[in-house]
Amino acid sequence: MRLYGIRGATSVTKNEKEAIIAETQRLLKALVEANNIKHENVVSIIITTTPDLTAEFPAKACRLIGWHDVPLLGALEADVPHGLPLCIRMLMHVYLEQGSRVKPVYLNEAVNLRPDLTHETTIS
């Protein structure tokens with residue numbers, strides 16, 4: 001097994017608690033599915049948001065699906081004028097079989113953050 005970092009991001013249309021929770025859970029589940037991640041192999045998750053997301057902590061979404069044993073860190077992204085608004089980013093540290101090909105996942109408007117990725121590694 002080898003430690004990998006897997007990136008992902010998504011966006012919401014409004015700064016609303018329900019949207020933030022639902023979209024964070026969707027991103028988490030998409031990363032797990034795309035990379036065949038077993039819960040017991042997750043080391044930690046860092047979740048960042050843009051400054052315009054204030055209605056809820058996205059990390060709460062992980063707790064609501066039962067991930068109580070995974071260390072979580074929430075942080076605020078820099079307030080960049082040309083940045084994507086209403087954005088949630090995630091970095092998962094996981095153990096996978098050595099030689100695994102990690103698949104980043106970008107959802108909704110966040111697909112525009114990584115135009116270099118192919119459709120195989122991006123879920124819209």
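Trainee: Arg26 first. Is Arg26 buried, partly exposed or exposed?
Mentor: Partly exposed, in this predicted model. The relative accessible area of Arg26 is 33%.

Trainee: Which residue does Arg26 form a salt bridge with?
Mentor: With Glu23. The closest N and O atoms of that pair are 2.6 Å apart.

Trainee: Where do Glu23 and Arg26 sit?
Mentor: In helix H1. They are three residues apart there, so about one helical turn separates them.

Trainee: And Glu23, buried or exposed?
Mentor: Buried. Its relative accessibility is 12%, and the cut-off for buried is under 20%. Arg26, at 33%, is partly exposed.

Trainee: How many salt bridges turn up in the whole structure?
Mentor: Four. Another one of them pairs Glu56 with Lys17. Their closest N and O atoms are 3.8 Å apart.

Trainee: Where do Glu56 and Lys17 lie in the chain?
Mentor: In distant parts of it. Glu56 is in the loop between S2 and helix H2, which covers 59-64. Lys17 is in helix H1, residues 17-35.

Trainee: What about cover for Glu56?
Mentor: Glu56 counts as buried, at 14% relative accessibility. Lys17 counts as partly exposed, at 39%.

Trainee: What does Lys60 pair with?
Mentor: Lys60 meets Glu56 in a salt bridge, 3.4 Å from N to O. Lys60 is partly exposed, with a relative accessible area of 32%.

Trainee: Which elements give two or more residues to its lining?
Mentor: S2 and strand S3, which runs over 72-76.

Trainee: And which residues line the largest pocket?
Mentor: Ile47, Thr49, Leu53, Thr54, Glu56, Phe57, Pro58, Ala59, Gly74 and Ala75. Notice that Glu56 is there, and Glu56 also belongs to the salt-bridge network.

Trainee: Let's pick Thr49. Where is Thr49?
Mentor: In strand S2, residues 42-49.

Trainee: Is Thr49 buried or exposed?
Mentor: Buried. Its relative accessible area is 9%. That falls under the 20% cut-off, so Thr49 counts as buried.

Trainee: What does Thr49 touch, leaving out residues up to four places away in sequence?
Mentor: Pro58, Ala75, Leu76, Glu77, Cys87 and Ile88. Pro58 and Ala75 also line the largest pocket, along with Thr49.

Trainee: How exposed is Val102?
Mentor: Partly exposed, with a relative accessible area of 25%.

Trainee: What is Val102 in contact with, beyond its neighbours within four places in sequence?
Mentor: Tyr4, Ile6, Asn35 and Leu96.

Trainee: And how far is Val102 from Glu77?
Mentor: Their C-alpha atoms are separated by 24 Å. Along the chain, the two are 25 residues apart. Glu77 is one of the residues that Thr49 touches.

Trainee: Last one, the surface. Which residues form a nonpolar patch?
Mentor: Met1, Leu3, Val43 and Tyr95. Together they have about 350 Å² of accessible area.

Trainee: Where is Met1 found?
Mentor: In the segment before strand S1, which spans 2-11.

Key: Residues numbered from 1 in each chain as written. Predicted model: local features only at pLDDT ≥ 70, side-chain atom pairs only at ≥ 80, totals over all residues. Heavy atoms only, no water. Helix = DSSP H or I, 4+ residues; strand = E, 2+ residues; numbered from the N terminus. Buried < 20%, exposed > 50% of the residue type's maximum accessible area, 1.4 Å probe, protein only. Contact = heavy atoms within 4.5 Å. Patch = residues over 30% accessible without salt bridge, like charges linked within 9 Å, V, L, I, M, F, W, Y side chains within 5 Å. Areas by Shrake-Rupley, 256 points an atom, 1.4 Å probe, with all protein chains shown as cover. Salt bridge = Lys/Arg side-chain N within 4 Å of Asp/Glu carboxyl O. 1 Å grid on protein atoms, 1.4 Å probe; cavity = no way out; pocket = protein on both sides within 12 Å on 5 of 7 lines; lining within 4 Å.
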